[in-house]
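I am opening my notebook for a new structure today. Have a look along with me, and keep the picture in view as you read.

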Amino acid sequence: MKLFDVYPLFDLNFVKAEGSYVWTDKNEKYLDLYGGHAVISIGHSHPFYVNKVTEQLQNIGFYSNSVKIPIQEEVAALLGKISGYNDYNFFMCNSGAEANENAIKLASFHTGRKKNICFTKAFHGRTAAAVAATDNKSIIAPVNETDNFIFVPFNNTTLLEEAFANNEISSVIIEGIQGVAGVQIPEVSFLQKIRSLCDKNEAVFICDEIQSGYGRTGKFFAHQHANIKADIITVAKGMGNGFPVGGVLISPEIKAKHGLLGTTFGGNYLACAASKAVLEVLASENLMQNAIEAGDYLFEQLKDDENIAEIRYQGLMFGIELKTPCAPFRNQLLQDFKILTGNASCPNTLRILPALTITKAELDLFIKAFKTISQSKLVTI
Ligand SMILES: Cc1ncc(COP(=O)(O)O)c(C=O)c1O
């Protein structure tokens, strides 16, 4: 059997990883500034994390959600404390898409309504409701087509108000910062408007923090920069530092009922051990503060580069928009400097999503490489 060929692949076979670095089978060392789509939060193979997951595996790896799994409660308690959402309830699942799927369903169960507002260029995953909240036609199969999702241009308050005026809205789903779209940051006033319109219309505010959460922006959740609370927050990616896990933080206003949500693997012991270790390292190593300091440093070093049109960033979530397509830059960073970076749906934007443990010395390697490429005029404007 061969693999179903859905991914364009770099010819790289990583066999070892540590901190911000990965090594290939040819023992070539790469600086990882992308963390496999923002997944690596506390650094590859963090020793504390490896020990905790190993220890858990040696005791018990799995039993289903038909028995008490106390480590789920430990994760929920720690997450509540660190995120400031102490009074919310927590449901664990396996991926980002599944978290959003559950969030949209929960809102609909709660309100008894069908229509949801989402935003242009958003990405929320590939399951039925999550993919319907994305306006990228190429990933929506006929079976996913529905008129239950209303697309509003990002940051457009007038059209947001209009969408509420013309429909009975169940939920609004928005990324804390749009990631796949190229790090598009919602205006503070826009998030505050969503909050007030949801309150007025008794709709559920869902914030997708799958890419922007877990301390990446310097606060635990990106929407906390706008001083608002969402009713439901979805998490995944950085939550497990590579262990597949997702979760939904749920306002106490939304009531649980047996059978309302469910999953076989969600909240298994290993996922919990990984998630708990991530939260412990985030706190003990003060990584949110590092995200702020390292992010500001990177911005300061690059802001005057003449090939850059705009840098959009918060903490260590960076969209570096070049004046030309970023592919030549990205390829050269990879081939000549052994640095992994990401792209975005807007072709000029280079996405940088390093581990929150990254040091200034490691960022200097990227800054030097970037400037060398920029000055070499290999990419001309
Ligand atoms: C903001 C956001 N939401 C949801 C998802 C989907 O997550 P997953 O691939 O774990 O299903 C992603 C993945 O890139 C994402 O960036």
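**Ground rules.** I am working with a predicted model, where local features need pLDDT of at least 70, side-chain atom pairs count only at pLDDT 80 or more, and totals for chains, interfaces and linings use all residues. I number residues from 1 along each chain as its sequence is written.

**Ligand.** I looked up what surrounds the ligand and found 15 residues, the closest being Ser95, Gly96, Ala97, Gly125 and Ile210. Helices (H or I, at least four residues) and strands (E, at least two) are DSSP runs, numbered from the N terminus.

I traced an open sheet of 7 strands in the order 4-10-9-8-7-5-6, with mixed pairing. Two strands pair if DSSP finds at least two bridges between them. Strand 4 (89-93) and strand 6 (149-152) are the edge strands, as each pairs on one side only.

Strand 8 (residues 204-208) and strand 9 (residues 232-235) run parallel and are joined by 3 bridges. I found Cys207 opposite Ile233 in strand 9.

**Lys2.** I found Lys2 in the segment before strand 1 (14-18). Is Lys2 buried or exposed? Lys2 counts as exposed because it has 4 C-beta neighbours inside 10 Å. The cut-offs are 20 or more other C-beta atoms within 10 Å for buried, 12 or fewer for exposed, and partly exposed in between, with C-beta atoms placed from the backbone. Lys2 and Ser374 lie 372 residues apart in sequence and 40 Å apart in space, C-alpha to C-alpha.

Technical notes
Near = placed C-beta within 6 Å.
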